[in-house]
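The following exercises ask you to work through a single model, one region at a time. Try each task with the coordinates open before reading its solution.

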Amino acid sequence: MSEGETAESWNAGAQVVPFPVSSPRVAPQVSFHRDELRIILNLYGRMVAEGEWRDYTMDFTREKAVFSIHRRTSERPLYRIEKDPRLARRQGAYAVIAETGRILKRGHDLAQVLRVLEKPLRVV
């Protein structure tokens, strides 16, 4: 805005477009709940402190939620933590998938599934 313009004159030609409301037929996107994110980010924070991981991305679609872990920002994800509710009654909704696409662990309990990513304890 220039000095002579006011907020009213600047917005005079603008139209307000309402946020699209999902219809009842369209399934909402899948996401991680607060407790699930707490478990994932606790592991992520420990691995960042050890210098193993440096970046993450999250992707939410209608089919699944994905938390991807990167060693460097410019690389492909080392691991993907996926939540797919369609598999909840079969193998389990949670899966840890390696960079190659191999499923490392799948199950119903997120904390148990993420144990595959934790380093074993060492005697000092």
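**Exercise 1. Determine which residues make the nonpolar surface patch of about 240 Å², and where L41 is placed.**

Solution. The patch is made by L41, Y56 and M58. Patches are built from residues with over 30% relative accessible area and no salt bridge, like charges being joined within 9 Å and nonpolar side chains (Val, Leu, Ile, Met, Phe, Trp, Tyr) within 5 Å; a salt bridge is a side-chain nitrogen of Lys or Arg within 4 Å of a carboxyl oxygen of Asp or Glu. Accessible areas come from the Shrake-Rupley method with a 1.4 Å probe, and for residues only the protein chains shown count as cover. L41 belongs to helix α2, residues 34–49, where helices (H or I, at least four residues) and strands (E, at least two) are DSSP runs numbered from the N terminus. With a relative accessible area of 36%, L41 is partly exposed, the classes being buried under 20%, exposed over 50% and partly exposed in between (1.4 Å probe, protein chains only).

This is a predicted model, in which local features need pLDDT of at least 70 and side-chain atom pairs count only at pLDDT 80 or more, while totals for chains, interfaces and linings use all residues. Residues are numbered from 1 along each chain as its sequence is written, and side-chain values use heavy atoms, with hydrogens and water left out.

**Exercise 2. Identify the residues of the largest nonpolar core that touch the most other members, and the element that gives its largest share.**

Solution. A nonpolar core is a set of buried Ala, Val, Leu, Ile, Met, Phe, Trp, Tyr and Cys residues joined through side-chain atoms within 4.5 Å. The largest one holds 18 residues, of which I40, W53, F67, I81, L114 and L117 touch the most other members. Two or more residues each come from α2, β2 (65–70), β4 and α3 (110–114), and α2 supplies the largest share, four residues. In soluble globular proteins, nonpolar side chains tend to be buried together.

Next, follow the contacts (heavy atoms within 4.5 Å). Beyond its neighbours within four places in sequence, L114 is in contact with I39, I40, L43, I81 and V96. L43, found in helix α2, counts as buried at 3% relative accessibility. With neighbours within four places again left aside, L43 is in contact with W53, L114, L117 and E118. The C-alpha atoms of L43 and E118 are 7.6 Å apart in space, although the two residues are 75 apart in sequence.
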